[in-house]
Every structure is written in structure tokens, then in C-alpha cells.
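Me: I have a protein model open and would like to go through it step by step. Could we begin with the charged pairs?

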Amino acid sequence: MIGPLPKDIPDLPPVPGMPTLLPSTVPSTAVVAVVHHPKVAAYRLIVALTAAAAVAVDLRLGSPAQVLSYFTIQVNVLLALVFALSAWRAWTAHRPLPALVAGGTIFYALIVGLVYHVLLVNEPGPFSMTGQTGAPTGWAALTNQILHTLIPVAALLDWLLMTSPVPLGLRQARTWLLYPMTYLIFSLIRGERLPPGAPERYLYPFLDAGRLGYKSVLANALLLGLAFFALALFMVALDHVRPDPTRRQKTGFRLQPPVG
């Protein structure tokens, strides 16, 4: 027969070399909201189609190579693609686009609207384009207002009323400036490659190196760059204090494997 077990059993010493198991935690990024946003998806799809249609009309009215060289056109092409993808994600309850992409698109759309209304159509301003080429008419006037006014306002409303705060940071604000800097270099190289006196050699009056000289153009670019950075910082600060417009909605949750 087996004798009774002793009441006091000494603890066994730990086996040397055995790793200590850390508690397993589920990252917050693995918990995603399962939400279907049909209204948000429809709004973003309408904005994307409107921007794409306006760009298409401009391409039919002018030279495609010249039209696509405008900062306004490039931004609206980007916005149409980003908003179409955001509409699909909102419809299928996927995670929203990264803040660097979504916020940057809003930032560039705001630049388009502000530069147009503050500098390009502000008379009598030194960089007003209405006195040089005259006000557009017909379809050109319609697309002009859509690309410079309607789309920037629609993008801003989407950010304020349909997008949750991330929040944004200084890293995104600095990164957003790379595209305007690249466009400045592109614009100057394009102007140098075209012959003097060619129409639309420099697409924006404040970047006209042939008339102003490179010193003045670089000074204008520096002032605009500082203004753009101030706008980016304002967006970052606002994103930290603005309320979440999606918080009122009831959401369910599912657990997904962590990504990355």
C-alpha cells in the first residue's frame, strides 16, 4: 500500500534556463469597430465623382499635359482617388485610411481653396490671374468653381463632420510639406524647359521666374511654405480638441488578429 502524502511539500527550485512567460495582451489596434456607414460612403463617392468629372472636363477643354501640370488638378485627382477608396472602406466597414494620407488630402485641398481665393482672384492683388487672362466662362467657369471652392469645402466638411480625430501629430504636418516643395521644383524646371514667351510657361504668377526672377520666386515660396506649415499646425491642434462626430453611433466589436 502507498503511504499518506505528507502535508508539507517543499517547493521545487526553478529549473535554470526556463524563460519567464509574460502576460499576453491584445493590442487596441486588434479591436476594430464593425460599422457600416452608407451615408458617409455615399457622400465621399459623390465628392470623388464630382472632382473626377471636373478634371475630365478640364482635360477636354485644354491640353492634357498642361492641365495636369496645375497643382489644383493634381490635388483633385488625388482627392478623387482617396475619397473613392475611403467611400469603399466606409461601405465595407474597414479601417479608415492612415492619417498621413487622409489628412494630407484635406490639407492640399485647403491649400487649393485658400491660394485661389486669397491670391489668384483677389483684385487688385499682385498675383491676381483674372486681370491677365480674364474670368473663365461656360464650362471652364463651372469647373473652376468646383475645383477651387466646392471640393475644398466638401473635403473640410468630411474631415470635421465624418472623420474621427486620430489625433494628428507634427510628423504628419512636416511630411505634408514635401509635396508642395516637390511641386515648386517641378514648376521651375518645367518653366526652364519651355521657351521664353510660351503661353502658360509658369502656371502661377507667384512662381513666374521669368518675370519676377528666382530671388523673388524663392521668397514667395518661402512665405507660402511658412503659411502652409502654419495651416498644417492648425489642423494638428484642431484635431486634438475637436469632438468625435462618430461617437454617438452604436457600434459592435469583433476581435481581429493584430496587423503588423
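**Charged pairs and surroundings**

Reply: Aspartate 158 counts as buried, because its relative accessibility is 5%. Please keep in mind that this is a predicted model.

Me: OK, and which residue forms a salt bridge with aspartate 158?

Reply: The partner is arginine 44, and the closest N and O atoms of the two are 2.7 Å apart. Arginine 44 lies in helix 1 (residues 38–61) and aspartate 158 in helix 6, so the pair ties together parts that are 114 residues apart in sequence.

Me: Is arginine 44 buried or exposed?

Reply: Arginine 44 is counted as buried because its relative accessibility is 12%.

Me: Why would such side chains pair at all?

Reply: Side chains of opposite charge can pair when their charged atoms come close.

Me: How many salt bridges are there?

Reply: The count comes to three salt bridges. One of them joins aspartate 208 to arginine 211, with 3.8 Å between the closest N and O atoms. Another is formed by arginine 242 and aspartate 239, where the closest N and O atoms are 2.8 Å apart.

Me: Are arginine 242 and aspartate 239 buried or exposed?

Reply: Both arginine 242 and aspartate 239 are buried.

Me: And what about aspartate 208, buried or exposed?

Reply: Aspartate 208 has a relative accessible area of 19%, and it is buried because that value is under the 20% cut-off.

Me: Let's zoom out. How many helices and strands does the protein have?

Reply: There are ten helices and two strands in the protein. Read from the N terminus, the order of elements is β-α-α-α-α-α-α-α-α-α-α-β.

Me: How much of the protein is buried?

Reply: Of the 260 residues in the protein, 35% are buried. The protein exposes about 16,400 Å², and 70% of this is supplied by carbon and sulfur atoms.

Me: What share of the contacts comes from residues 24 or more positions apart?

Reply: Among contacts with a separation of 6 or more, residues 24 or more positions apart account for 77%.

Me: New topic: which residues form a nonpolar patch on the surface?

Reply: The patch is formed by Val153, Leu156, Leu157, Leu160 and Leu161, which together have about 390 Å² of accessible area. Leucine 156 belongs to helix 6, which covers residues 138–162. It is classed as partly exposed because its relative accessibility is 30%.

Me: Where is leucine 85?

Reply: Leucine 85 is found in helix 3, which spans residues 71–91. With a relative accessible area of 37%, leucine 85 is partly exposed.

Me: How far is its C-alpha atom from that of leucine 97?

Reply: The C-alpha atoms of leucine 85 and leucine 97 are separated by 8.3 Å, and the two residues are twelve residues apart along the chain.

Me: Last one. Where does asparagine 220 sit?

Reply: Asparagine 220 is in helix 10, made up of residues 214–241. It is counted as buried because its relative accessibility is 16%.

Me: What is asparagine 220 in contact with, leaving aside its neighbours within four places in sequence?

Reply: With those neighbours left aside, asparagine 220 is in contact with Phe127, Phe206 and Leu212.

How values were computed. Residues are numbered from 1 along each chain as its sequence is written. This is a predicted model: local features need pLDDT of at least 70, side-chain atom pairs count only at pLDDT 80 or more; totals for chains, interfaces and linings use all residues. Side-chain values use heavy atoms; hydrogens and water are left out. Helices (H or I, at least four residues) and strands (E, at least two) are DSSP runs, numbered from the N terminus. Buried means under 20% relative accessible area, exposed over 50%, partly exposed in between (1.4 Å probe, protein chains only). Contact means heavy atoms within 4.5 Å. Patches are made of residues with over 30% relative accessible area and no salt bridge: like charges are joined within 9 Å, nonpolar side chains (Val, Leu, Ile, Met, Phe, Trp, Tyr) within 5 Å. Accessible areas come from the Shrake-Rupley method with a 1.4 Å probe; for residues, only the protein chains shown count as cover. A salt bridge is a side-chain nitrogen of Lys or Arg within 4 Å of a carboxyl oxygen of Asp or Glu.
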